[in-house]
Amino acid sequence: MKHNFGAGPGILPHEVLKQAAAGVVDFNGIGLSILEISHRSPDFEAVLDEAVKLVKEELGVPEGYSVLFLQGGASTQFAMVPYNLLPENGKAAYVESGVWANKALKEAKFFGNVEVIATAKDANFTYIPKDYTIPADAAYLHLTSNNTIYGTQLQEFPASPIPVVCDMSSDIFSRKVNVADFGLIYAGAQKNMGPAGTTLVIVKNELLGKVDRKIPSMFNYQVQIDGGSMYNTPPVFAIYVSMLTLRWLKSKGGVEAIQKENEAKANVLYEEIDRNPLFKGVCKVEDRSHMNVCFVVENPEHEKPFLKFAEERGIDGIKGHRSVGGFRASIYNALPISSVYVLIEAMQEFAEKNK
Ligand code: PLP
C-alpha cells in the first residue's frame, strides 16, 4: 500500500477512484461512458448541478455569488481576475506570500497597476506577511490562503475595506471559511476537490461589469455565469470526479469534520518534527500550514537516505519542492491519519538508527 503525500495533483479517496473508474466504463448503468455522453444531456447536467449544490452546501456560499467550474487551472485565474476586476487606470493590492502569489501579481500587471503591499521574499517565504495597510482605493486585495511550496498558511484573514480575492488552490474544503468575506475565491481542483482539469471559481456577482475593457468570452466571468459553466464543452470528467469527491466529503461530515481531522494530522506531525532531533520545521510556527508540512534534516547527509527509508515503507511524494529542498508532506483531506502515523514511525525508526 502507498501513502500518498504528493503535493499536487494530490491524493483522492480510494472509493472515489473506484466510482470514477466505473463511471468511465458505464455511467450510472446507461451503457455509455461519462466520457461519451453529451455535456448537454440531462445525465451530465445532473452531475454539474450536484457539484455546484455541494460546493454551496459545503462552503456555505451565500446568495449573490456564482459558482463556476472553469478550465485553465488556477494559473488562468491569475489573469482572469484582473481582466474582469482591475480597471485600466486602477490598481490592485497583492500580498506576495510565495511563488504562486508572485505569478498572480505578474499577470495582473498586464491589466493595470499592481501594488505589492507586503512580501516574505526576504526570508524565502517561510512566514506569512501580516504587517501592511490595505489601500482603500485599490480594486481588490489578492491573497493566497495556503502556500503549497513553502508550507505556510493564513490562519486568519485580514479585515479588508476592499473586496478580497483569494487563491485557495491548496486548502479549499480543508477548513471553514466565511465566503461572505471574499469577493472572489478560486482554486484548481487537483488538491482537495478532484483531478486536474477544472478550476472552481466563486464570485460575488455585484463585482462584475465594472471595467470598461472588452473581455473575450472564455475569460469573461459574466459569459461563463450566463452559460452555467457550459459556454463551451466543460471538463466533464474533472467535474464528475470533483462531484464524487464532494459527495465523499459530505459523507465524512463535511468541512467541519474534515477540519478537525486535518488539525489532528498536522498536530501529530509537527509534534514529531519538533521532538525528533534529526528533523526541523522550516516555517514560522504560527504560520505553519495544515496542508503542506515542510521540514528538513539537521544533517544534510541524512536527506537522501531518509527519502529512501521512507519510500521503502510505501511513503510517496515527500521530496520537497525543488526551490526549497528538504521534505514536504502534503496531508490533504483524503490522506488518512494512519498514513501520517506511518510517516511518524519512519521518522522515529530512522532517528533511532542514526543516533
Ligand atoms: N496556486 C497555488 C496555491 C498552487 O498550489 C498552484 C499549484 O500547485 C497553483 C496556483 C497553480 O495551479 P494550476 O496548476 O492549476 O494552474
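**Entry 1: the ligand shell**

I started at the ligand and listed the residues around it: Gly 8, Gly 73, Ala 74, Ser 75, Trp 100, Thr 144, Thr 148, Asp 167, Ser 169, Ser 170 and Gly 188. The model is a predicted one; local features need pLDDT of at least 70, side-chain atom pairs count only at pLDDT 80 or more, and totals for chains, interfaces and linings use all residues. Residues are numbered from 1 along each chain as its sequence is written.

I sorted the shell by class and got two nonpolar, eight polar and one charged residues. In this scheme Ala, Val, Leu, Ile, Met, Phe, Trp, Tyr, Cys and Pro are nonpolar, Asp, Glu, Lys and Arg are charged, and the others, Gly among them, are polar.

Which helix gives the most to the shell around the ligand? I found that α3 (residues 73-85) does, with three residues. Helices are DSSP runs of H or I with at least four residues, strands are runs of E with at least two, and both are numbered from the N terminus.

**Entry 2: the UniProt binding-site record**

I then checked the record. An unreviewed UniProt entry puts "binding site" at Ala 74, Ser 75, Trp 100, Thr 148, Asp 167, Gln 190, Asn 232 and Thr 233. These positions span 160 residues in sequence, and the farthest two C-alpha atoms are 30.5 Å apart, so they do not all gather at one spot. UniProt positions are in the numbering used here, feature names are shortened, and annotations may be inferred rather than shown by experiment.

I looked at two of these positions. Thr 148 sits in the loop between β6 (146-147) and β7 (152-153). Thr 148 is buried, with 26 other C-beta atoms within 10 Å. The cut-offs are 20 or more other C-beta atoms within 10 Å for buried, 12 or fewer for exposed, and partly exposed in between, with C-beta atoms placed from the backbone. Leaving out residues up to four places away in sequence, Thr 148 touches Ala 7, Gly 8, Trp 100, Ser 170 and Asn 292. Contact here means C-beta atoms, placed from the backbone, within 7 Å.

Thr 233 lies in the loop between α5 (221-226) and α6 (236-251). Is Thr 233 buried or exposed? It is exposed, with 10 other C-beta atoms within 10 Å.

The unreviewed UniProt annotation "binding site" also covers Arg 40. I placed Arg 40 in the loop between α1 and α2. With 9 C-beta neighbours inside 10 Å, Arg 40 counts as exposed.

**Entry 3**

The arc is taken from the directions from the helix axis to the C-beta atoms. An α-helix has 3.6 residues a turn, so residues three or four places apart point the same way.

**Entry 4: helix α9**

Next I took α9 (residues 337-353). It has 17 residues and reaches 24 Å from first C-alpha to last, close to the 24 Å expected at 1.5 Å a residue. The expected span is 1.5 Å times one less than the number of residues.

Ser 339, Val 340, Leu 343, Ala 346 and Met 347 are buried in α9. Down the axis, the buried residues of α9 fall within an arc of 115 degrees, so they line one face of the helix. They pack against β1 (3-4), α7 (254-275), β11 (279-281), α8 (303-312), β13 (315-316) and β14 (327-330). The face turned away from that buried side carries the exposed residues Ser 338, Glu 349, Glu 352 and Lys 353.

Most residues other than glycine have a negative phi, and most peptide bonds are trans. I noted these cases.

- Gly 8 and Pro 9 are joined by a cis peptide bond, with omega about -5 degrees. Pro 9 is in the loop between β1 and α1 (14-25).
- Asn 28 has a positive phi, near 50 degrees. Asn 28 is in the loop between α1 and α2 (42-59) and counts as partly exposed, with 13 C-beta neighbours inside 10 Å.
- Phe 173 has a positive phi of about 65 degrees. Phe 173 is in the loop between β8 (164-167) and β9 (184-188) and counts as buried, with 26 C-beta neighbours inside 10 Å.

Note on methods:
Near = placed C-beta within 6 Å. Contact = placed C-beta atoms within 7 Å.
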